[in-house]
Amino acid sequence: MITTSTSLDGFKIVKQLGLVRGITVRSRSVLGNMAGGFMSLFGGKSSIYTELCENAREEALQLMILHAQELGANAIICMRYDANDVMSGLTEVLAYGTAVVVEEIYK
């Protein structure tokens with residue numbers, strides 16, 4: 001379970017395990033840059049860059065989940081994404097949050 005909130009409805013946090021993160025650094029290919037540049041001439045959605053961004057975010061997310069599992073977490077709260085240019089054409093995508101152990105609240 002992953003949430004951007006500080007809690008999970010129906011669950012109580014029984015242990016905080018600390019910060020977890022997943023990071024990936026991606027570059028655009030020469031062909032991808034050419035195609036993306038061509039598409040930008042006409043405006044609208046750039047599906048090439050959208051796919052690149054989605055893939056980078058998914059990879060960072062999966063790495064963060066793996067990090068949390070290694071710590072023994074069954075949930076991540078306060079999850080966020082961040083992205084920065086490392087250099088021209090090279091972007092870092094970071095997924096991070098707090099790894100926790102939660103138990104279901106029985107009513």
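**Basis.** I worked from a predicted model, in which local features need pLDDT of at least 70 and side-chain atom pairs count only at pLDDT 80 or more, while totals for chains, interfaces and linings use all residues. Residues are numbered from 1 along each chain as its sequence is written, and side-chain values use heavy atoms, with hydrogens and water left out.

**Elements.** I noted two helices and three strands in the protein chain. Here helices (H or I, at least four residues) and strands (E, at least two) are DSSP runs, numbered from the N terminus. Read from the N terminus, the order is β-α-α-β-β.

**Sheet.** I then traced the pairing, taking two strands as paired if DSSP finds at least two bridges between them. The three strands make an open, antiparallel sheet in the order β1-β3-β2. β1 (11-27) and β2 (75-87) are at the edges with a single partner strand each, so one side of each has no neighbour in the sheet. On average, neighbouring strands are turned by 10° against each other, direction ignored. I record that axes are lines fitted to C-alpha atoms, for helices over the stretch in contact, and that angles run from 0 to 180 degrees between N-to-C directions.

I counted bridges for each pair. β1 and β3 are joined antiparallel over 15 bridges, and in this region K15 stands opposite V101 in β3. β2 and β3 are joined antiparallel over 10 bridges.

α2 packs on the sheet and touches β1, β2 and β3, its direction making about 140° with that of β1. Contact means heavy atoms within 4.5 Å.

C78 is partly exposed, its relative accessible area being 24%. I used these classes: buried is under 20% relative accessible area, exposed over 50%, and partly exposed in between (1.4 Å probe, protein chains only).

M87 also lies in β2 and stands opposite L90 in β3. With a relative accessible area of 53%, M87 is exposed. M87 and S27 are 60 residues apart in sequence, yet 9.5 Å apart in space, C-alpha to C-alpha. The hairpin of β2 and β3 has two residues between the strands, and G89 there takes a positive phi near 85°.

**Largest pocket.** I assigned about 160 Å³ of space to the largest pocket. A pocket is an open set of points on a 1 Å grid over the protein atoms alone, where a 1.4 Å probe fits, with protein on both sides within 12 Å along at least five of seven lines; lining residues have an atom within 4 Å of a point. Of the 11 lining residues, L52, C53, A56, T91 and V93 are the closest to the centre. The elements giving two or more residues to the lining are α2 (47-71) and β3 (90-104), and α2 gives the most, with five residues. By type, I listed six nonpolar, two polar and three charged residues in the lining.

**Whole chain.** Of the 107 residues, 27% count as buried. Among contacts with a separation of 6 or more, 71% are between residues 24 or more positions apart.

Key:
Points joined across faces, edges and corners; volume = space filled by probe spheres on them. Nonpolar A, V, L, I, M, F, W, Y, C, P; charged D, E, K, R; others polar.
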